[in-house]
Amino acid sequence: MANVIVIGAQWGDEGKGKITDLLSKSADVVVRYQGGVNAGHTVVVKDQTFKLHLIPSGILYRDTECLIGSGTVIDPKELIAELDKLDGLGVSSKNLFISETAHVTMPYHRLIDQASEERRGSKKIGTTKRGIGPTYADKSERTGIRICDLMDLSAFRDQLDWTISYKNIVLEKLYNLPPLDAEEVFQEYEVYAERLRPHVVDSSLHIYDALTKRKNVLFEGAQGTLLDLDHGTYPYVTSSNPVAGGACIGSGIGPTAIDRVIGVAKAYTTRVGEGPFPTELLDEMGNALCMRGAEFGTTTGRQRRCGWFDAVIGRYAVRINGLDCLAITKLDVLDELDEIKVCVAYELDGERCHDLPGSASQFARCKPVYEVMPGWKQSTANCRKLEDLPSQALDYLEFLAKLMEVPIAIVSLGASRDQTIIVEDPIHGPKRALLYENGGAFKVA
């Protein structure tokens, strides 16, 4: 039995959907513990592509239970649309469960998010404008509406009347927007409530029961470490905690239940939205990585900013999350390059810096210090074991593992499930005992 957290080790979009899907084959329960419809996971199975936003990637396995935890924020309209789309593709939702204490994204959240982001002008954060931040803000302000409130329609109506009257003041006076009609909102969400009611459970109890029965539980985060509200590159972050510690809070379990943490990182780096990005390539190379890697957001379609692998943020992710191993994705995107650069440190105000600065203004001044690796100039798409890889590709992976001081367990070479090298079973294999040391980059110390 193993209970595993899968997190993004960069700014999100690392390919967590595919890795979670692969690991879900060995999981009995998959839990999504934070974020909302601002997240997007793409999973390719044979010739079908599934784009998931709220529903855990494990939904594609018939017998795997999938749970949307209390740390998420749920837009019922979007969730139902996602369920309908999966149903149309022949994917059953009978094993999907929703936490009764998850917060609900309402129409005013979306309106405020859009208006607020526009008002920021040059100081914009780069949100998806889906209402995620305002939903979490209401949660912290203790004025939010939860799934359990939505299930009690009488209480929901009373709460909605007060909330709409308050939010209309904000919409009209602050953003010069028309007010919402409480009755119209109630009628819309009443339909959503009845559709979702069969899926609603006490999520913490549901997970606890699975743990006591020694089932394998996989915890799936959205976004990435550098977008964490507390530990990311603030203020250009999301409104929740994608880091490993957030899995316990967002799921309602204790930290002693977790056996290991797997980090997912691209073989290069991408970022979407605003904020400093030391290794960003604003040239033909950056455009080539974008095109070859199909770097467009699953949720928004926005083009992602691309750059070389950044080991400084990589080491930070290892430390913040307590990573046991790594899954490196999109190695094949680098197949055609003559040489590949890796950022091993920053230069900050004339000084060499090996750690991520906490200040946004300092981070914006960081310049990458690169080491150059030779490319392999041949396709890796059909490689299925380490020995199939070109020697230069192996050297590159080993270099990354040594820089980040953590072993690599999985290498992904394309979007499909079968385009994967499993070096070490990250669920049932041996757990890293201490810090990664001198041995081979692909072995657990």
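Which residues in the largest nonpolar core touch the most other members?

Reply: A word on the model before the details: it is predicted, so local features need pLDDT of at least 70 and side-chain atom pairs count only at pLDDT 80 or more, while totals for chains, interfaces and linings use all residues. Residues are numbered from 1 along each chain as its sequence is written, and side-chain values use heavy atoms, with hydrogens and water left out.

Now to your core. A nonpolar core here is a set of buried Ala, Val, Leu, Ile, Met, Phe, Trp, Tyr and Cys residues joined through side-chain atoms within 4.5 Å. Buried means under 20% relative accessible area, exposed means over 50%, and partly exposed is in between (1.4 Å probe, protein chains only). The largest core has 63 residues, and the ones touching the most other members are Ile5, Phe219, Leu331, Leu334, Leu389 and Tyr396. Helix α13 (residues 391-404) supplies the largest share of this core, eight residues. Helices (H or I, at least four residues) and strands (E, at least two) are DSSP runs, numbered from the N terminus.

Let's zoom in on Leu334. If you skip its neighbours within four places in sequence, Leu334 is in contact (heavy atoms within 4.5 Å) with Ala267, Tyr268, Leu289, Arg292, Ile340, Trp376 and Tyr396. There's also a second, separate core of 61 residues, and Leu83, Val185, Val264 and Ala327 are among them.

Charged side chains pair up too. A salt bridge is a side-chain nitrogen of Lys or Arg within 4 Å of a carboxyl oxygen of Asp or Glu, and the whole structure has 21 of them. Take Lys16 and Glu14, whose N and O atoms are 2.9 Å apart. Lys16 is buried, at 4% relative accessible area, and Glu14 is buried as well, at 1%.

Lys167 and Asp138 form another salt bridge, again with the closest N and O atoms 2.9 Å apart. This pair links distant parts of the chain: Lys167 sits in helix α6 (residues 153-174) and Asp138 in helix α4 (residues 132-141), 29 residues apart. Lys167 counts as buried because its relative accessible area is 6%, and Asp138 does because its value is 3%.

For a contrast, look at Arg365 and Asp349, which form a salt bridge with the closest N and O atoms 3.0 Å apart. Arg365 is partly exposed at 36%, whereas Asp349 is exposed at 54%. Finally, salt bridges with shared partners join Asp13, Lys266, Glu295, Arg304 and Lys330 into one network.
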